[in-house]
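Hi,

Here is the structure I promised to pass on. Have a look at it first, and then read my notes below.

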Amino acid sequence: MTFFDDYRIDSMEDLITLIDEVGFVPFFENDIEGFSIEEHMAPGHWYNDGDNGFWDAWEWKDPVIKKAKCAYGKFYKGKAMYISSKWFSDFANYRRDGYDFDARYNDGLASHDDKILYELLEGNVPILSKALKRLGNYGKNGRKGFDSSITRLQKQCYVVISGFRYATDKEGNEYGWGIAEYSTPEEMMGRRFTEKVYKRTPEESYERLLKHFRKILPGVDDKWLKKVIG
């Protein structure tokens with residue numbers, strides 16, 4: 001399957017199949033035409049008003065992450081993307097440049113602010129964003145820079161979104177926007193990730209990724225593919 005096949009995502013199962021087959025699925029429309037869920041979502045499944053009885057792509061996030069056992073986070077230009085477990089270890093290896101977080105910090109490649117947040121998160125995974133902010137005293141009268149640090153840690157593949165939780169009313173019905181739950185790939189994926197992430201050199205992972213993107217995005221100039229890889 002490539003992203004230029006003529007298809008529509010009609011169900012959560014369709015989306016899981018897409019993630020498994022192509023490996024990388026951005027949530028939003030982006031610089032590469034056709035390379036997103038948004039552009040392939042069937043009518044009624046992008047923003048669902050609740051009247052047609054179907055879930056939409058936003059409500060699918062939590063069950064898709066769990067059923068597909070995939071990584072989800074702000075991996076592409078600060079926006080969300082699903083990455084299958086098959087490909088995430090190579091992607092993380094390249095994005096991390098072969099470093100675990102402690103080694104990155106010790107070599108002066110990570111900020112002290114990022115270290116504080118990463119260690120708070122790592123010691124309490126999985127943790128909801130609201131709880132993480134409270135734990136680190138992030139807010140108007142406290143520590144600054146939460147959004148920048150958590151986005152950077154996702155981009156570098158040290159942090160993933162492991163699910164979403166919803167507020168419930170008195171009858172137990174969920175409502176509102178889902179609250180992100182954060183984890184580390186090591187915790188969320190376990191040995192499927194830890195035994196593979198540093199198996200190759202970052203350069204070897206890069207070549208594997210580029211070859212794969214050429215396959216799923218045929219005809220797209222390498223300069224755009226390299227931007228996705230990062």
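Asp-62 and Lys-66 are four residues apart in helix 2, so about one helical turn separates them. (Helices here are DSSP runs of H or I with at least four residues, strands are runs of E with at least two, and both are numbered from the N terminus.) These two residues form a salt bridge, with their closest N and O atoms 2.6 Å apart. The term means that a side-chain nitrogen of Lys or Arg lies within 4 Å of a carboxyl oxygen of Asp or Glu. In general, side chains of opposite charge can pair when their charged atoms come close. Asp-62 is buried at a relative accessible area of 16%, while Lys-66 is partly exposed at 44%. (Buried is under 20% relative accessible area, exposed is over 50%, and partly exposed is in between, using a 1.4 Å probe and protein chains only.)

Before you go on, keep in mind that this is a predicted model: local features need pLDDT of at least 70, side-chain atom pairs count only at pLDDT 80 or more, and totals for chains, interfaces and linings use all residues. Residues are numbered from 1 along each chain as its sequence is written, and side-chain values use heavy atoms, with hydrogens and water left out.

Back to the charges: how many salt bridges does the structure hold? There are ten salt bridges. One of them joins Asp-31 and Lys-77, with the closest N and O atoms 2.4 Å apart. That pair links distant parts of the chain, 46 residues apart: Asp-31 is in the loop between strand 1 and helix 2, and Lys-77 is in the loop between strand 2 and strand 3. Asp-31 is partly exposed at 43%, and Lys-77 is exposed at 57%.

Another salt bridge is Arg-96 with Glu-186, at 2.8 Å between the closest N and O atoms. This pair also links distant parts of the chain, with Arg-96 in helix 3 and Glu-186 in helix 8, 90 residues apart. Is Arg-96 buried or exposed? Arg-96 is buried, with a relative accessible area of 0%, whereas Glu-186 is partly exposed at 26%.

Now find Lys-77 again. Lys-77 has a positive phi near 55° in the hairpin of strand 2 and strand 3, where two residues lie between the strands. Those strands run antiparallel and are joined by five bridges (strands pair if DSSP finds at least two bridges between them). Tyr-76 has Lys-79 in strand 3 as its bridge partner. In strand 2, five of the six residues are buried.

Tyr-76 is also touched by Pro-26, whose other contacts include Phe-35 and Met-81 (contact means heavy atoms within 4.5 Å). Pro-26 sits in strand 1 and is buried, at 1%.

Finally, the rings. The whole structure has 19 aromatic pairs. The rings of Phe-75 and Phe-91 have centres 6.1 Å apart and planes at 75°, so they are edge-to-face. (Rings of Phe, Tyr and Trp, the last by its six-membered ring, pair if their centres lie within 6.5 Å; planes under 30 degrees apart are stacked, over 60 edge-to-face, and the rest tilted.) Phe-75 and Phe-91 are both buried, and they belong to one aromatic cluster that includes Tyr-76 and Trp-87.

Happy exploring!

Key
Lists of a residue's contacts leave out its neighbours within four places in sequence.
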